[in-house]
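Subject: A structure for you to look at

Hello,

Here is the structure I promised to pass on. Please open it first, and then read on for what turned up in it.

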Amino acid sequence: MAKVVVSLKIFPADINVSLDALKEKIKGALPNYASVYKFEEEPIAFGLVALIAHIVLPENQAGGVDEVERSIQNIKDVSDIQTIMVRRA
């Protein structure tokens, strides 16, 4: 079965949000068919650092990307999400 990698830029709600704690919350919030491949950190401005999450999910999962985005957006410490890329793995 083919896999899809979704790269999401995740903006913390505040500069004081612990990125390590946020990474764990993201891992815990994902649906059971999705998993984090890796995280990257991207400085934005004035001390704010965005997380780039590369998430792997099955290609045939209907609505999977939308569900992943919703589950991350519902985390209290997340202010916004941008989908950077969706590609086959």
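A residue is called buried when its relative accessible area is under 20%, exposed when that area is over 50%, and partly exposed in between. Please also keep in mind that this is a predicted model.

With that cut-off, Asp77 is buried because its relative accessible area is 15%. Its salt-bridge partner is Lys76, with 3.8 Å from N to O. Lys76, in contrast, is exposed, at 71%.

Helix α1 runs over residues 19-29, and its buried residues are Leu19, Leu22, Lys23 and Ile26. They lie on the same side of α1, because they cover an arc of only 105° around the axis. In general, an α-helix has 3.6 residues a turn, so residues three or four places apart point the same way. What do the buried residues of α1 pack against? Their partners are the strands β1 (3-12), β2 (35-45), β3 and β4 (78-88), together with helix α2 (64-73). On the face turned away from this buried side, you will find the exposed residues Asp20, Glu24 and Gly28.

Now for the salt bridges of this helix. Lys23 and Asp20 are joined by one, at 4.0 Å from N to O. The two are 3 residues apart in α1, about one turn of the helix. Lys23 counts as buried because its relative accessibility is 16%, while Asp20 is exposed at 54%. Both also belong to a network of salt bridges that links them with Glu41.

The second one joins Glu24 and Lys27, whose closest N and O atoms are 3.7 Å apart. This pair, too, is 3 residues apart within α1, about one turn. Lys27 is partly exposed, with a relative accessible area of 44%.

Last, please have a look at His54, which is placed in strand β3 (residues 48-58). Is His54 buried or exposed? His54 counts as buried, because its relative accessibility is 10%. Its side chain makes a polar contact with the side chain of Glu40, at 2.7 Å. Leaving aside neighbours within four places in sequence, the residues in contact with His54 include Val5, Val6, Ser7, Tyr37 and Glu40.

Enjoy exploring it!

Best wishes

Methods: Residues numbered from 1 in each chain as written. Predicted model: local features only at pLDDT ≥ 70, side-chain atom pairs only at ≥ 80, totals over all residues. Heavy atoms only, no water. Helix = DSSP H or I, 4+ residues; strand = E, 2+ residues; numbered from the N terminus. Buried < 20%, exposed > 50% of the residue type's maximum accessible area, 1.4 Å probe, protein only. Polar contact = N/O pair within 3.5 Å; in protein donor to acceptor, adjacent residues only side chain to side chain. Contact = heavy atoms within 4.5 Å. Arc of directions from axis to C-beta. Salt bridge = Lys/Arg side-chain N within 4 Å of Asp/Glu carboxyl O.
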